[in-house]
Amino acid sequence: MTIALIFLVLRDFVHLFFEESWGTELYLLLSASSYTLFCIERLPFVRLSGFKKSSLLVAALISSGNIFILFVLSGFVENQMHGILELPLFYCLGAALIVLVSAAFYYNFILNSNRSLHFAMMVFGFIFADVSACLAYYNQYDELWYSDRFFYALSLGFLLCFVIDTEGERREQEDLEMLKDSF
């Protein structure tokens with residue numbers, strides 16, 4: 001989580017150079033890397049809790065919708081991209097977000113705690129922030145920079161609530177032990 005937070009801080013610094021091709025590419029790379037680290041952090045939870053068919057079905061539906069949205073967004077921005085790596089990194093970021101949404105959904109579906117809700121709200125805030133930034137930058141909807149920064153700050157707040165909730169983490173470990181015994 002610490003490394004992911006460091007990547008997010010670096011991403012904020014690189015945001016200042018978003019107008020440069022290398023700045024956009026580095027921004028997308030740092031974003032995808034931090035989201036991937038969030039997924040890796042939740043991986044032990046998913047392995048320990050097993051899978052339920054109903055949750056897999058809902059996750060598949062949500063992922064399908066997100067993939068559709070990703071391709072629609074790529075159609076809006078593809079012609080305005082400047083660097084050769086922007087489109088592949090855009091898809092990497094989208095894929096990392098789709099996996100992260102699935103992990104957050106499954107995590108909240110199984111445990112349904114305040115901590116899992118903080119994680120899910122963090123993820124959805126990052127999605128709204130990234131979509132807003134994408135539309136603001138590539139389609140010149142400058143008003144969306146405000147929602148980008150708002151949702152990004154909100155997501156960081158949920159991230160901090162998630163990380164500092166050590167009592168919730170302890171309860172989750174106990175709940176996971178009970179769930180592991182029931183599977």
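Guide: A residue counts as buried under 20% relative accessible area, as exposed over 50%, and as partly exposed in between, with a 1.4 Å probe and the protein chains only. The model is predicted, so local features need pLDDT of at least 70 and side-chain atom pairs pLDDT 80 or more, while totals for chains, interfaces and linings use all residues. Residues are numbered from 1 along each chain as its sequence is written, and side-chain values use heavy atoms, without hydrogens and water.

Side chains of opposite charge can pair when their charged atoms come close. With a salt bridge taken as a side-chain nitrogen of Lys or Arg within 4 Å of a carboxyl oxygen of Asp or Glu, the count is eight.

One of them joins D130 to R11, whose closest N and O atoms are 3.3 Å apart. This pair links distant parts of the chain, since D130 lies in helix α5 and R11, 119 residues away, in helix α1 (residues 2-15); helices here are DSSP runs of H or I with at least four residues, numbered from the N terminus. D130 is buried because its relative accessible area is 9%, and R11 is buried at 0%.

E41 and R42 form another salt bridge, with 2.8 Å between the closest N and O atoms. Here E41 is partly exposed at 24%, whereas R42 is buried at 6%.

In the bridge between R149 and D148, the corresponding separation is 3.1 Å. R149 is partly exposed at 32%, while D148 has 0% relative accessibility and therefore counts as buried. Elsewhere, salt bridges with shared partners connect E167, R170, R171 and E174 in one network.

Notes:
Helices (H or I, at least four residues) and strands (E, at least two) are DSSP runs, numbered from the N terminus.
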